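Dear colleague,

I am passing on the structure below, and would be glad if you could read my notes beside it.

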Amino acid sequence: MASVKNGDYDGIRNQVTKILKRPGYDDGSIGPVLVRLAWHASGTYERKDRTGGSNGAGMRFAPESNDGANAGLEHARAFLDPIAEANPWISYADLWTLAGVTALEAMGGPKTPWKPGRTDFKSEQAAEAYHGKVDGRLPDASQGAQHIRDVFYRMGFSDQEIVALSGAHNLGRCHEDRSGFDGKWVVNPTRFSNQFFKLLLTRKWVPRKWDGPLQYEAVVVGEKLMMLETDLALIKDPEFRVWAEKYAADQKLFFEHFAAAFAKLLELGVDRDGSGVAPLVKGGCPYHAG
Ligand code: DDH
C-alpha cells in the first residue's frame, strides 16, 4: 500500500474504496463490516460522564476488543491495517470512522459529514484510565424496545434517530461464528437503501426453528431473510413504528436522517481543542468539561 500525504483524507478515502471489493468474503464486499466497526467504535458513549466513543480507538485493547458484541470486528480492523501502516499520520480512531462513512457512500448510501482530529490511546492502561470499562455497553439483539432506548438514550439519541440508525441493517449479515445469529436482512446487502424497513413492514416474521438463538424469518419462497428481536421492536413499539413507516415510504428522508444520526454517532465524545485535535483528557476536553 502506498502512502498518501499527511492530511490527505480524500487520499485515504480512495484507499478504502479500493479495498472494499473482496470476492469470497461474505457478499463480495467488506463495506458492511467497516460500517459496523465505525458504529461499535462509537456506540460505547455515555453522555453522563462523557466516557466511551470513537476517540482513542480503544477497541485495539482488552476489554473492549474481547467484548462479545465486537466478535468479528478483528477482521474489519485487519482489513484497514495496511492503510494504517502506510499512513502512520492518521489515527486509528479517524481511520475507522472515515472508513465507515466511505464504505457507506460507496455502497450507495448518503454522504455523511465527517471531521478528523481523533487521537489514539497508547495502551490498555491509558484506555481504562480515560474511559473506565466500556465493554457491555453495546445493544443486545435478543431484547426489546426498552433495552434499545436504554442504550441509545445513554448516548443522547431520540426515538427518530434510533430508528434511522437501525436502518443500517440494510447492510451486511449475521455470522453464526460471531454473534450466533445467521443470515442477511435484505436481498442485496451491499447496496444501501430503505429495503430493510419495507421488508420489516410487509413480511410476516415468524421465529426460525433452529438450534440457534431466537431470530425471525419471513416465509417467502426464494427469500432467505432474517430479523432480530431488536429489529422487530422497531415495528412493535408505536413511537418507533411511526418512523419505520416514514422511512419505508420515503428513501430520501431516510438517507437524510441516517446521515445526520450517523455523523452525530461518530462525533460522540470527540471534543476538539482550538487546533482541531481531540485530546484524550479524562472526562473529555477540559474546555467543555463540567
Ligand atoms: Fe447491527 N448487528 N445492531 N447495527 N450491524 C449486526 C450486524 C450489523 C445490532 C446487532 C447486530 C446497529 C444496531 C444494532 C450493522 C450496523 C449497525 C449483527 C450481526 C448483530 C447481532 C453480527 C455478526 O454476526 O457478524 C443490535 C442489537 C442493534 C441495535 O440497535 C439494537 C446500528 C445502529 C448500526 C449502524 O451502523 C449505525 C452492520 C452494518 C452489520 C453487518 C455487519 C457485517 O459484518 O456484515
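This is a predicted model: local features need pLDDT of at least 70, side-chain atom pairs count only at pLDDT 80 or more; totals for chains, interfaces and linings use all residues.

Residues are numbered from 1 along each chain as its sequence is written.

The protein is divided into domain 1 (9-139 + 262-267) and domain 2 (145-259), with bounds that come from an automatic or database domain assignment. The C-alpha centres of domain 1 and domain 2 lie 21 Å apart, and 27 residues of domain 1 are in contact with 24 residues of domain 2 (contact: C-beta atoms, placed from the backbone, within 7 Å). On the side of domain 1 that touches domain 2, α2 (31-42) and α11 (251-267) each supply at least two residues, and α2 gives the most, with six (helices are DSSP runs of H or I, at least four residues, numbered from the N terminus).

The largest nonpolar core has 72 residues, of which Leu34, Ala38, Leu95, Trp96, Ala99 and Ala244 touch the most other members. Such a core is a set of buried Ala, Val, Leu, Ile, Met, Phe, Trp, Tyr and Cys residues joined through C-beta atoms within 7 Å, where buried means that 20 or more other C-beta atoms, placed from the backbone, lie within 10 Å of the residue's own. Helix α4 (residues 92-106) provides the largest share of this core, nine residues, and the core draws at least three residues from each of domain 1 and domain 2.

Best regards

Note on methods: A residue is buried if 20 or more other C-beta atoms lie within 10 Å of its own, exposed if 12 or fewer, and partly exposed in between; C-beta atoms are placed from the backbone. Two residues are in contact if their C-beta atoms, placed from the backbone, lie within 7 Å.
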